[in-house]
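Thanks for coming. I will show one structure and go through a few of its local features. Please have the sequence open next to the view.

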Amino acid sequence: MSTVPLESFLAELDRLKADAVEALAAAVDADAVERARIEFLGAKSGRLKAIQKLLGGLGGADKPAGGKHFNEAREAVSAALEAAQGRVAGSAAAVEPLDVTLPGQPVRLGHVHPITQTIRRVQEIMARLGFESVDGPEVEDQWHNFDALAINAEHPARDPLDNFYLAVARGADPLLLRSQTSTVQIRVMERREPPLRIVSLGRVYRPDTADATHYPMFHQVEGLYVEPGTTMAHLKSVLRQFASTFLGGDVHVRFRPSFFPFTEPSVEVDMEWGGRWIEMGGAGMVDPAVLEAVVSGFAFGLGVERIAARRYGVTDIRDFYRNDVRFLEQF
Ligand code: PHE
């Protein structure tokens, strides 16, 4: 059996590489590049294929070196091919005339999620009533979520089954995902003196089973108004003006006696619009124990999903979170 000398194999390889690089560099268009590709890299009768067959004829000791050089040559030719393909594609694009009479390509515009739209609208309306928008953290300590709001250690609202407590180092006071935006009342009162008119909108978390009116994450609007001489009448009038503007039309506000540890008296807020009463949240006069000052104020907390659902006629709040574009596109 005749063996192929390594030197002639390598010489053959070098010649092929030089020819291929030259042919590809000289190719002026995509057709020429393709012809060169078939000549050198063609799977059936390409020149590289032919040389590959010689590999088997090399002497045993020469095979590793021959294989290595063969692979290098193949890579070099492939790289030259890619460069040539890129070059002719680029020049094709460059010379393609621009037809300014073609219809434009429509740009598909996305838009803001209905909950975010609602949040912005609420902020806008409340700003007109003199309320400044403020933010608070979603991961809270128990002081701001409970203690400072007079929700004492035995209160059922602190139950681990009703809150998302976060794991912390042993001995440390567990943090939690805030269960209400009333935390922001405390955070604002810690650093500011009355008079105050603030509104805070954001996410709150409770481990509720999801259904048409519940979700483990939802949004609240928290309002806080602190000024000498504030009464429940101010509370009712602010809520009514807000709701009439937001829903468009005459909205009636009804208070039902209730209890919150941080307001006294406390009420549930119902709103009637278009003949239907809906419970929108809680409110009350800020308890002097929380306010730590001889000044009066009111606070309210409404569900953003509830007011959005009422406004847009949505019957299942889970639709807000399904990310179904057919639903979201309607807003
Ligand atoms: N934070 C209360 C809740 O989540 C609502 C509320 C806010 C009540 C402000 C009174 C005043 O249920």
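Predicted model: local features only at pLDDT ≥ 70, side-chain atom pairs only at ≥ 80, totals over all residues.

Is Asp19 buried, partly exposed or exposed? Asp19 counts as partly exposed, because its relative accessibility is 30%.

Which residues of α1 are buried? They are Leu6, Phe9, Leu13, Leu16, Ala20 and Leu24. These residues cover an arc of only 90 degrees around the axis, so they are on the same side of α1. As background, an α-helix has 3.6 residues a turn, so residues three or four places apart point the same way. The other side of α1 carries exposed residues, namely Glu7, Glu22, Ala25 and Ala26.

Back to salt bridges. How many does a search of the whole structure find? The search finds 20. I will take two further pairs and one network.

Glu34 has a relative accessible area of 32% and is partly exposed. Arg37 is partly exposed as well, with 28%.

The next pair is Asp250 with Arg240, again a salt bridge at 2.9 Å, N to O. Asp250 is in the loop between α8 (232-247) and β7 (252-260), while Arg240 is in helix α8, so the bridge ties together parts that are 10 residues apart in sequence. Asp250 has a relative accessible area of 46%, which makes it partly exposed. For Arg240 the relative accessible area is 35%, and this residue is partly exposed too. There is also a network: Arg254, Arg256, Asp270 and Glu279 are joined into one by salt bridges that share partners.

Now an arginine in another setting. Where does Arg158 lie? Arg158 is in the loop between α6 (142-145) and β3 (164-165). Arg158 is buried, with a relative accessible area of 11%; the cut-off for buried is under 20%. Its side chain makes a polar contact with the side chain of Gln142, at 3.1 Å. Leaving out residues up to four places away in sequence, Arg158 touches Gln142, Phe146, Asp147, Ile151, Asn152, Ala153, Asn163 and Tyr165.

The loop between α6 and β3 also holds Ala150. Ala150 is not a glycine, yet its phi is positive, at about 60 degrees. Its relative accessibility is 37%, so Ala150 counts as partly exposed.

Where else is there a residue, not a glycine, with a positive phi of about 60 degrees? Asn323 is one. Asn323 belongs to the loop between α10 (304-312) and α11 (325-328). Asn323 counts as exposed, at 58% relative accessibility.

While we are on the backbone, there are cis peptide bonds to look at. One joins Pro194 and Pro195, with omega about 0 degrees. Pro195 is in the loop between α7 (183-191) and β5 (196-205). Another cis bond runs from Glu264 to Pro265, where omega is near -5 degrees. Pro265 is in strand β8, residues 263-273.

Last, the overall division of the chain. Domain 1 is 6-94, and domain 2 is made up of 114-137 and 180-328. How far apart do the C-alpha centres of domain 1 and domain 2 lie? They lie 72 Å apart.

Terms used. Residues numbered from 1 in each chain as written. Heavy atoms only, no water. Salt bridge = Lys/Arg side-chain N within 4 Å of Asp/Glu carboxyl O. Buried < 20%, exposed > 50% of the residue type's maximum accessible area, 1.4 Å probe, protein only. Helix = DSSP H or I, 4+ residues; strand = E, 2+ residues; numbered from the N terminus. Polar contact = N/O pair within 3.5 Å; in protein donor to acceptor, adjacent residues only side chain to side chain. Contact = heavy atoms within 4.5 Å. Domains from an automatic or database assignment. Arc of directions from axis to C-beta.
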